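Dear colleague,

Here is the structure I promised to pass on to you.

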Amino acid sequence: MNIKLNDGEKKIVVEAQIELNELPYLTLTRSIGFFDKIDFSSVEYVKGANIKITDITTSKFIVLREYTIDTVVGGNTFFFNLYGPDLNDPNALNFKGETGHTYLLNIESNGTLLEAYTQIPPNKGLDSIWLQPVPGRGDSFKAIKALYSDPDTFGNSVKLQTQTLRYVKDGSPELYFSSFNSVYNDDIINGTKISLDIDLGFDKSKTYTRDQYQTIGYVKKGDTVNIKWSAIDKNVFIFWNTLAFAEGSVGNPFASPVQVQGNVKNAIGVWAGYGSKIYTIIDSIK
């Protein structure tokens, strides 16, 4: 039996963020088919969109400008489209994320109207953070430990990412990555003080050996790690949480289907506010 699968309607995919003390930016692309080839050349960017961001708390707003950026990957040149503040406008360059502020995103593209809200929540931060030797591997690897006191109010959520700066470079990009799970909330721990194991984030597009997987969350001897602990609102938490479940179910015939729940009406994706704090920890044993 041959079953013909209809192509689904292409939707706009929004990846947008505003971080504490940082400028907002976003990318707009179109969704691709389930069986379509995925590579840099298959990404369809949405060009010519009109994008406005309003700080609901202060009534200030900016209109974003479209930029085209080229990069070389594997000897081939690819072009990326990005929307951000006008770099020639001093007012736009002062439009940075502030704690407790709510931001409205408006997008108009070829008659399609999109909108979304996000907030930058206050960030309680971590109480303390330290390195601890890994049993049986203490001469080469250490684990990151932390203490966290959750505020006595329900609904606190965080996104966790790490950036590893290698003492011994291997040519890999030193970007912020998440581990197997990237977001957490206080549904169970509300108002309590807990100890945390912080696993290093890693590039999920790479293939790792079994031994590498066993140590992928640990700090190597001499490395420096930046830990980004970002307060997020409920809708941003739901997006990243459902996306993680969806990624985890890929290839598993027994997994239940998961619908990724974004916060942009009539589109796929997320408009995310991050109240970020960054902690740096160094393994001084080289």
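In this predicted model, Lys10 is partly exposed, with a relative accessible area of 46%. Glu44 forms a salt bridge with Lys10, and their closest N and O atoms are 3.0 Å apart. This pair links distant parts of the chain, since Lys10 lies in the segment before strand E1 (12-19) while Glu44 sits in the loop between strand E2 (25-30) and strand E3 (50-55), 34 residues apart. Glu44 counts as partly exposed at 33% relative accessibility, and a network of salt bridges links Lys10, Arg30 and Glu44.

The whole structure holds ten salt bridges, and one of them deserves a separate word. Arg166 and Asp223 form a salt bridge whose closest N and O atoms are 2.6 Å apart, connecting the loop between strand E11 (157-165) and strand E12 (176-177), where Arg166 is found, to the loop between strand E15 (219-220) and strand E16 (224-232), which holds Asp223, 57 residues apart. Asp223 has a relative accessible area of 2% and is therefore buried, the cut-off being under 20%, whereas Arg166, at 24%, is partly exposed.

Finally, there is Asn123, placed in the loop between strand E8 (112-119) and strand E9 (128-133), which counts as buried at 15% relative accessibility. Its side chain reaches the backbone oxygen of Trp229 at 2.7 Å, and the side chain of Asn123 also reaches the backbone oxygen of Gly275 at 2.7 Å. Leaving aside residues up to four places away in sequence, Asn123 touches Trp229, Ser230, Ala231, Gly275, Ser276 and Lys277.

Terms used. Residues are numbered from 1 along each chain as its sequence is written. This is a predicted model: local features need pLDDT of at least 70, side-chain atom pairs count only at pLDDT 80 or more; totals for chains, interfaces and linings use all residues. Side-chain values use heavy atoms; hydrogens and water are left out. Helices (H or I, at least four residues) and strands (E, at least two) are DSSP runs, numbered from the N terminus. Buried means under 20% relative accessible area, exposed over 50%, partly exposed in between (1.4 Å probe, protein chains only). A polar contact is a pair of N or O atoms within 3.5 Å; within protein, one must be able to donate a hydrogen and the other to accept it, and residues adjacent in sequence count only if both atoms are side-chain atoms. Contact means heavy atoms within 4.5 Å. A salt bridge is a side-chain nitrogen of Lys or Arg within 4 Å of a carboxyl oxygen of Asp or Glu.
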